[in-house]
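Visitor: Hi, could you walk me through this one? I am new to reading structures.
Guide: Gladly, let us look together.
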Amino acid sequence: SMQTAIVRAIGLAGCVLLGPGPAWAFNLDRNDMRLLYGEEAADDQVKYRDLDVTNNNTLTGEVQIAGPTSDTASAQIEWIVEKISPRSGTHLLGVQYVTPSGTCGYANCVHLNFLTRPDSADDTANATWTAVPGFPRTLTGNGLGGNRRFDIVVESARGRFVVVYQHLASEQQLAHFVLRADGSVVTGSTTISGSAGPANINWVQLVPHPTTDEVTLLYTIGTVLNSFRWNGGWSTSPLSLNGAAGITNATQAFSGAYEQQSGQLLAVYGINNCPLTNEPCTVYRTMPAGQLSSWSSQVKISDVPARGVVMAARPGTDHIVAGVYGNQITQRNISTGILALGWNGTSFTEQQLTSTALNGSANSSGRIPMAAGWASGTAILTYSDGDNSSSSIRWFSWNPPNNWSAPRHQTGFSTYDKYGWLIEPYTDGAKLVLAFSDKNDRLSTAVFNGSTWS
């Protein structure tokens with residue numbers, strides 16, 4: 001394993017800390033993996049290290065990217081998202097950060113900045129990053145909540161960037177902008193008609209269709225999970241998935257993924273009031289590609305009530321892996337649990353792990369201690385065991401059409417609770433690269449080769 005020393009200790013001697021939220025992201029860049037992250041420090045800027053999987057999984061030295069990634073010396077980064085257009089190699093970087101004071105009317109203010117840079121042989125800190133016109137900007141609303149109020153997607157056909165974010169003047173509405181594959185502006189910041197509601201925007205996810213420019217927008221406004229469809233323009237009005245059933249908004253208790261063969265969209269999410277029991281549970285809906293007129297009927301998956309959901313689609317098939325990080329329902333004797341789900345296009349193969357030993361801090365700054373991906377046709381669902389003395393990575397594996405494996409673990413990694421997780425496939429499709437932060441926000445990486453972690 002490789003533990004990355006990110007920044008000087010703050011508060012505890014010898015501890016290396018990230019920002020108040022999961023301020024790190026992976027990015028596939030040529031043959032190496034690029035890990036972008038922020039620091040819990042004044043004058044926070046985005047840094048990166050490259051992970052060379054072909055050279056014994058070594059990490060390069062820290063580099064701060066050129067260009068203003070925050071507009072104030074007191075900024076602390078909460079979220080980083082970077083996407084690359086395959087048509088041009090252009091990078092688009094989105095950064096959500098907070099400051100302790102400002103013009104937002106709260107003690108902590110939330111800001112967004114978006115920057116682009118062209119693909120360049122000079123792939124170093126000297127590469128030029130340019131702010132998208134109109135950014136950085138300050139959002140309304142209190143900061144340090146951990147909610148990610150934006151997302152970036154690349155259209156699969158034209159390679160354009162579509163960005164959706166909380167409207168700058170209202171916590172209760174969404175806006176968007178569109179950039180060409182080369183980073184030039186197609187559509188400037190524009191509100192999404194019909195997205196306004198009676199409560200605050202909490203979480204935003206953009207899900208790309210595998211072959212067309214269709215994109216599905218999933219977002220929570222208060223405790224309601226809504227959806228729009230994009231295909232060069234937005235559908236005329238949102239569709240609610242959960243209605244009055246409610247959803248937690250402390251973490252992203254929903255996710256969506258397209259079947260890569262049929263193009264059907266699968267959404268998995270938790271609701272606060274399940275039919276018949278009026279207690280939390282996990283459910284799903286589907287919707288065919290090409291329309292946003294109605295979702296399928298809501299179907300219950302499990303009594304495990306989701307407070308976090310991760311999903312990953314297998315290329316070229318209709319298989320989707322989903323992981324549900326559960327909550328504790330004492331009246332039904334359900335303790336915090338992991339739900340591993342394998343979707344074959346029509347139904348789920350399920351494996352459940354119920355244990356009070358699992359990490360109970362999934363609500364910390366919005367982080368979910370779970371990640372899912374595919375390596376050579378095998379689905380992997382990794383998760384934290386929550387044992388602060390454990391040095392293990394734990395996971396399930398699924399090889400369709402077989403059942404899930406029993407829980408597995410491998411020691412030799414972090415010695416603290418592992419909180420935030422992110423996983424990406426390596427370019428050869430046979431490996432997965434995992435990044436995770438621990439209880440003290442130290443950032444580590446590990447590589448899965450199909451059977452073991454290193």
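Guide: What follows covers a disulfide, a hairpin and a sheet. This is a predicted model, in which local features need pLDDT of at least 70 and side-chain atom pairs count only at pLDDT 80 or more, while totals for chains, interfaces and linings use all residues. Residues are numbered from 1 along each chain as its sequence is written, and side-chain values use heavy atoms, with hydrogens and water left out.
Visitor: OK, which cysteines form a disulfide?
Guide: Cys-274 and Cys-281 do, with their sulfur atoms 2.2 Å apart, where a disulfide is a pair of cysteine sulfur atoms within 2.5 Å. The link is right-handed, with 80° about the S-S bond.
Visitor: And are Cys-274 and Cys-281 buried or exposed?
Guide: Both Cys-274 and Cys-281 are buried, meaning under 20% relative accessible area, whereas exposed is over 50% and partly exposed lies in between (1.4 Å probe, protein chains only).
Visitor: New topic: why is strand E24 largely enclosed?
Guide: Strand E24 (residues 306-313) has 7 of its 8 residues buried, so the rest of the structure largely encloses it. Strands here are DSSP runs (E, at least two residues), numbered from the N terminus.
Visitor: What does E24 pair with?
Guide: E24 pairs with strand E25 (residues 320-326) in the antiparallel sense over 7 bridges, and two strands count as paired if DSSP finds at least two bridges between them. In their hairpin, with 6 residues between the strands, Gly-316 takes a positive phi near 80°.
Visitor: Last one: which strands form the open sheet?
Guide: The order is E28-E29-E30-E31, with antiparallel pairing. The edge strands, each pairing on one side only, are E28 (370-375) and E31 (408-410).

Conventions. Helices (H or I, at least four residues) and strands (E, at least two) are DSSP runs, numbered from the N terminus.
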